[in-house]
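I opened this notebook to record what I looked up in one structure, entry by entry. The structure comes first, then the entries.

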Amino acid sequence: MNKPSGYKQNVDHMDSQELLPLSPRSLDQDQDPHASPLSQEQGFGGESGLHTPVDYRALWKKAIHQQILLIRMEKENQRLEASRDELHIRKMKLDYQEVCQCSKEVQALWDRKLSSPCRTKVQWDKEEIYNAVCQGVPKSRRGEVWLLLSQQHRMRHRLPQRQQHPDTPYQDLLKQLTAQQHAILVDLGRTFPTHQYFSTQLGAGQLSLYNLLKAYSLLDTEVGYCQGISFVAGLLLLHMSEEQAFDALKFLMYDLGIRRQYRPDMISLQIQMYQLSRLLHDYHRNLYTHLEEHEICPSLYAAPWFLTLFASQFPLGFVARIFDLLFVQGTEVIFKVGLCLLSSHEGEILECDGFESIVDYLKSTIPTLTHSQMEVTITKAIEMDISKQLHAYEVEYHVLQDELADAPPPSEESDRVDKLEKANAQLKKQNMDLLEKLQAARLKIQTLENSVESFLSHERRMKHLIRSLEQEKASYQKTIECMRSSLPLEVMADVEMIQLKSNTNGKAKAASKKP
């Protein structure tokens, strides 16, 4: 069978087209990559316009290759779009002012440690890790550092079997129902209400927070859900994914023992309040005496510090730095930071001469720290060592409780103590309720202020528009007057007659429509 004269040329042209979809040569053409390959038919089969099966095969291969290329480009565009969304959310999460920024050398140190393949299997020097944390933690990798610190802690301190948490996967917990659902939903809007990630009702931030709190309430049935946990969980979510935050929350609650203060009896929280009171007594006697004279106990102002780990009242950058130290030192950090805050404001507190003014200063003024005050507080807390005192105070508390149990008071005194305890519990509950209402009221005020500002802006725009319309009306009236003055008297008389007739007809029609 004789082959066409241009057969070899056509075969060579076909081979040049049979390239990999992503080959650079496939794009090195002067043709439009989106144009149909069938539009190039005149390049095959010579000038006669006849096409061989080989020509059509080459055309179909080119069309398929270009379609594959377009599909790959579309997938790549989707991946880039998802990456941009993820970067936007990450930037939104980390929208807070850093405290104690770390140097480039410290950042490089953390980069080396986080990229080490054996970081989850080999114990590193505890002192080296502590010194690195004290020098600073990069905000962009803070979540990774927290997970690394939790892994290192678990390698050194393994909990007894009876104290370990149930090993239920996070996704399995999300499929279950929790009895704490209502309480969790109520607190979603109260958790970081001014932060962009959590401010949108049932937005991505609140949904992630709900999932995390729901999963933990199902995992830890003894604690379930308690006010304060949402702030701890929220701060973790700002630095890591849901599952990572769930693992970090389990570490804080079980490995560091924070869950004890959320138990229904709250005995652990009572011990902590006693320890803080004893620290004030031993380190700042004048401040302790001043607070005692006005019957202000630590539970009135410090309970939220412990239950939310300072997250409900203090700036996020300051709280994140406290969490850095918390992951390496445990709950001792809460006492050290609290003591440093009280000592740095001792003079101002001593100047307050009433119960209301002191409590207001402790709750409202202390949390409004300047950036330099936050750095000084963290530096002082790092330098402080009160571990022995805390242990001694805890033993002391238990001894006092045993003595009270062994020597019951007279019946009248017992009744009086019971009444006072009930009254105290009611006051604590009222205090927490008022604090929640205050936070909700502040959020509502902020919303109303934004609405007022929007209305004022709209009013300003409307006034500007009215002025423009009035100027335009005046201009039209002036134009009409000029036109009237230029018309002959006869025409003006005709115009006035027409206007008079139209007005008369309009009034007659209006009168006829009346019943």
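**Entry 1: terms for helices.** I take helices as DSSP runs (H or I, at least four residues; strands are E, at least two), numbered from the N terminus. The expected span of a helix is 1.5 Å times one less than its number of residues. I note that this is a predicted model, in which local features need pLDDT of at least 70 and side-chain atom pairs count only at pLDDT 80 or more, while totals for chains, interfaces and linings use all residues. Residues are numbered from 1 along each chain as its sequence is written, and side-chain values use heavy atoms, with hydrogens and water left out.

**Entry 2: helix H21.** I checked the length of H21 and found 20 residues reaching 29 Å from the first C-alpha to the last, close to the 28 Å expected at 1.5 Å a residue. For burial I use relative accessible area: buried is under 20%, exposed is over 50%, and partly exposed is in between (1.4 Å probe, protein chains only). Which residues of H21 are buried? I find Leu390, Tyr393 and Tyr397 buried there. The buried residues of H21 fall within an arc of 60° seen down the axis, so they line one face of the helix; the arc is that of the directions from the helix axis to the C-beta atoms. Lys388, His391 and Asp406 are exposed on the other side of H21.

**Entry 3: helix H12.** I ran the length check on H12 (residues 242–255): its 14 residues reach 19 Å from first C-alpha to last, close to the expected 20 Å at 1.5 Å a residue. In H12, 10 of the 14 residues are buried, so the helix is largely enclosed by the rest of the structure. Among the buried residues of H12 I list Phe246, Leu249, Phe251, Leu252 and Met253, but also Lys250 and Asp255.

**Entry 4: salt bridges.** Side chains of opposite charge can pair when their charged atoms come close. I count a salt bridge when a side-chain nitrogen of Lys or Arg is within 4 Å of a carboxyl oxygen of Asp or Glu. How many salt bridges does this rule give? The count is 16.

- Arg142 and Glu98 meet at 3.1 Å, N to O. Arg142 is in helix H6 (residues 142–156) and Glu98 in the loop between H3 and helix H4 (104–115), so the pair ties together parts 44 residues apart in sequence. Both Arg142 and Glu98 are buried.
- Glu396 pairs with Arg278, with the closest N and O atoms 2.7 Å apart. Glu396 is in H21 (residues 387–406) and Arg278 in helix H13 (residues 267–283), so I record a link between distant parts of the chain, 118 residues apart. Glu396 is partly exposed at 27% relative accessible area, whereas Arg278 is buried at 18%.
- Arg460 and Glu453 meet at 3.7 Å, N to O. Arg460 is partly exposed at 48%, and Glu453 is partly exposed at 46%.

I also note that salt bridges with shared partners join Glu98, Arg142, Arg321 and Asp324 into one network.

**Entry 5: cysteines.** I looked for disulfides, meaning pairs of cysteine sulfur atoms within 2.5 Å, and the structure holds 0. Cys100 is buried, with a relative accessible area of 16%, and Cys340 is buried at 2%.
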